[in-house]
Structures are given as C-alpha cells and as structure tokens.
Amino acid sequence: MDTLVGDKQPSDTVETLTNDASNDEIWEIIDKEDDEDLRNLSAAVYAFILLVIGIPLWWRMTEVQRHSLPYAQISQLGTMDVVISTDIFVYTKNPYVTEQIIEQIYTTFNSTMFSISAHPSTFINSDDHTLNKLEMVITPLGSLQLVETTSVDDIIAGIGRNIYFPPNTDIQLLMDSLKRLLQTDALSDSMISMLNPGNHSDDQQVVTDRQRRVRPSSDYNVLLTVVNPEPEKLHVSWKPEIPLNRYLQPLLDQLKLISNFSVQSQWLYLIDLVQKPPKLNTTFVLDKNHAQYIITPLEKKLGSGVSRNPCIHFVVYVTPCSYIPLYFHENNQLTTAMMSARWGGVQFLNANQMSCNESVSFIPDDLSIMTPIITQFHSLIGVPNMSNYISLMPLKSSTLRKWQLDSMYRLKIIEQYTNTRITLTSLSRLLGEISNIVIIEEVGKAVTESVEAATKVLQCIEKGKLEEALEYSKIAFETSEFAFTHPSLLALLYFPDDQKYAVYIPLFLPVMIPVLMSLKGVKNWIQLKYKI
C-alpha cells in the first residue's frame, strides 16, 4: 500500500507542473495580446490626436487672417461715370436772347462731364440794378448766373456767382468764358492724368497749373520762414504771425471744408547765398532757374520733416546789405518773388541802405510781403486764375470769390475721388494676387467705408450737392489711404507658400512617417480583433 501511494505522488506532481506551465503560457499569451492591444490602441489614439486635432488646430493657428473685401464694388467704381450737375440761370432783357443762350449752353456742355440745367433767372426781375445791388443777389451753391447789364463793357466775373456781360455780346465768347469759369478742361485733365499718366489736356496752361498743385491731402502744414543771413548788420523788426493772421487766415478759414491747414512761422540766421548773384547795372539779378541754390541749403533746416503732412513753404530771404537790391529774372522781367511747383515760394526782402549803414531797424511792409504769398498759395492749392481770360471784379480781402470756391470744391472732389479709385483698385489687385497678405478687420472696414463713401460722392455730385460730395470724397480719400498704408499689410505672416512648406515640412515629416506607417498595423489589428 505504501508502495502504491508512493508511486502516485510523482504523477500528481507532474500533472501539477504541467498545469502551471499551461497557465503561464496562457497568461503570457494574454499579456502579449494586452501589449498588442495597448500598443495598437496607443498608436490609434496618437494618430487620432495628431490627425484629427493637431493638424486642424495647427492649420487654424497658422491661417492668414483675411477680412472680406467688396471686390465687386471696387471694380464697379471703374465703370461709373462722373457727372457734375450744375444750374445756370440766365437773365437778359430779351426772352428770345435768353432762349438762344440756354440752347447754346446745352450744346456747349453736351460732351463734358457736366450735366447743365439752364433756366431763365428768377432771381432778377428788372434791369435797373447796379453791380453792387446785383452782387447782393444770392445764387445757390455751385450755380452760376449770367446777367446782361449795361453797367459793364465786357464780360466780368463778380465776387459772388454772377457773370456780367453787356448787351449784344457774342454768345460763343460767353460760352468760352463759362467753360473757363467751370474749369471743364482742368477737371478732365486732372482725372485723366491720374488714371492714365501719359494722357493730358491739349491746353498747356491747364497742364502747367496741374503740375504746380501740391499733392492731394486732408491736412497741410504752411510754414513761413524768414531768413536773415546778416543779423549783426541788419536788424529786421517784423512779426510774421500778425500778417499771417490778417491776410492768410481768412482764406484758410474759407477752405476748412477742403483741408485742414496748420500755419507756423520761424526765423533762421546766418544762411548765405550759395551762388553769388551777378550785378546788372545798379541791381543784382539771380536767374529763376538758379533758385534751387537757395532752396536746397534751406531744405535741411526748414523742419518740414517733423510731420507726415505735406508742407507748403514760403521763404522770405532778407537780402544781404552787399547785394541790395536783389531780384529774380523771369520771362524778361525782374521780380522779387518766385514759386517752386508743389513746394512753395521764395521772395527777396530788400531793405533800404539806411538800415544797413546806420543800424536802424528795418520794418517791412506787410502787404508787399503777403501779396505774392497769397498769389503763390492760390496756385499751389489749385485756385483758378482767370485774370488772363476774363475781367474780374476787385476783391477787398484775401478770400476767394464764391465761384472760385465752388471750382475748388469740384476740383478737390475729382482729385480725391480719383485718388481713392486708384488706391482701392491697386489694393484690391494686390490683395487678390497675393493670398498670404493679412487683411485685418480694421483694414477691411476701412476699405468698405471708402467704397461706400466713393459711391456716395458720385451720387451727391450728380445731384449738385457739392458740400456733401466734398465731405464724402474726403472720407473716401482718408480711409483708402489708411487702408493702403496700414502696417498690418506687411506683417511677418506675409511670405509665399513655398517658404511656409520649407519651414514646416522638416518639423512634421519625421513625426508623420511613423504615424502613417502604424495606421496599417492598427487597421489589421481592428480587423483581427473584431473580425471585420
């Protein structure tokens, strides 16, 4: 019995060992399956996070912000015609002559950008008025009134909006004067030359006047500089701010709807003439073409770079005692003043010899200095000068005649609208061609506001509302310039796609290859595990 029991124990032990080995294998297999499941599950989760969350998030974070722009409306501006509506009232003693003039007005302005509405005048009902009484007649803004009167011998432009002509005046001559006063050629030339720089008016005077004007801006600085090269020899007792306030400020107040003008004055000393003027008989003469020898040395010291706004310079150069009297030579004439296109003007202030020899303070005449400054300022900002084509009633102040102010309104409306149109077209083309330029919301709103204002300009000017059209043109011009020069357009996110890929591919490629290769194993694991 003992022997039997003893023989049975080894077999039980073997069976137990066999069972333990089987359990270990089972657990090993289970562990391997768990490791494989965990590895494949980890790969799947990693791929999901990278492909579903990571890449879209990266794409969103690196996406270029581009606010929507009204491209269609910008393009439409180029197809819309500029139509300036103007009322012209005609008064003559003979109703038949009135009808003839009205008919000729429609014929003359048929091919221009003007839409003329001519009517018999209802503002004047008798012909016994003097010019002073006729000037008191109020004509609406932007309109003109042709008045026949025996008080004049020639066509005369009044201070208001009246144009006077004597009986039996040639109608065609009257139409030529009317076209000059409305500046039909100047307005067309201004618009055409901006849209197509190679084209311009056939009238050379119109082209010259345009080339003199300062560039369009909503704000200007006006700087009067008095230069005294020899303060130890010649003492000048003059306060520039007094004549500026008296003569220039009323004119600037009249132009406040067009632009803002900031007026300043300064004194400079010990700046000599670079070129010594030759003596001609008893005077010293400097050719107009040599005026740059005065402007260039002064340009560095005038301080025009302290502001972003365009600066209109007026330099009063006190002539040194050894060169008195000194003049500019221009068109076979001697003059003390000279204008530089789009820059400003220079004039010589010749003191008397007594102030040099006896050290007596020299007191200049305000009017003699300010007269050329006002004239030059008119040319620089675009005030029409009709004195060579039509007689003008004399002014008692430095302000503009009302018809001149209306012409200024039209000119600035056309300049600012055309500039806006060019700026918006260039900006839309640039942003359309380069998709990586950032367009922030502020720029997008500015462009939209500019387009809307430009559209309202055309609507208002077609209705004859000059002041409203001028205000909208100013808004359109300012907002378009703001959008075009905004710093965000040159942000660091602006670079081509190939450069973007060159930066990110070395970063993502080493990570993406193992992930993409593991997806095949994950697919096989899912099919095997779930028997798909």
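Is V236 buried or exposed, and what is its relative accessibility? The close-up views below come from a predicted model, in which local features need pLDDT of at least 70 and side-chain atom pairs count only at pLDDT 80 or more, while totals for chains, interfaces and linings use all residues. Residues are numbered from 1 along each chain as its sequence is written, and side-chain values use heavy atoms, with hydrogens and water left out.

View 1. V236 counts as buried, because its relative accessibility is 9%; here buried means under 20% relative accessible area, exposed means over 50%, and partly exposed lies in between, with a 1.4 Å probe and protein chains only. The residue V236 sits in the loop between β6 (219-228) and α8 (241-254), where helices (H or I, at least four residues) and strands (E, at least two) are DSSP runs numbered from the N terminus. When neighbours within four places in sequence are left aside, V236 is in contact with N228, W267, V318, F362 and P364, contact meaning heavy atoms within 4.5 Å. The C-alpha atoms of V236 and S361 are separated by 5.6 Å, although these two residues are 125 residues apart along the chain.

View 2. The structure holds one disulfide, and it joins C321 to C356 with an S to S distance of 2.1 Å. This pair links distant parts of the chain, since C321 belongs to the loop between β10 (311-318) and β11 (326-330) and C356 to helix α10 (residues 353-357), 35 residues apart. The torsion about the S-S bond of C321 and C356 is about -85 degrees, so the disulfide is left-handed. C321 counts as buried at 15% relative accessibility, and C356 counts as buried at 12%.

View 3. L41, V45, F48, I49, L51, V52, I53, L516 and L519 make a nonpolar surface patch of about 750 Å². The elements that give two or more residues to this patch are α1 (2-61) and α15 (497-530), and the largest share, seven residues, comes from α1. V45 lies in helix α1 and is partly exposed, with a relative accessible area of 42%.

Note on methods: Patches are made of residues with over 30% relative accessible area and no salt bridge: like charges are joined within 9 Å, nonpolar side chains (Val, Leu, Ile, Met, Phe, Trp, Tyr) within 5 Å. Accessible areas come from the Shrake-Rupley method with a 1.4 Å probe; for residues, only the protein chains shown count as cover. A salt bridge is a side-chain nitrogen of Lys or Arg within 4 Å of a carboxyl oxygen of Asp or Glu. A disulfide is a pair of cysteine sulfur atoms within 2.5 Å.
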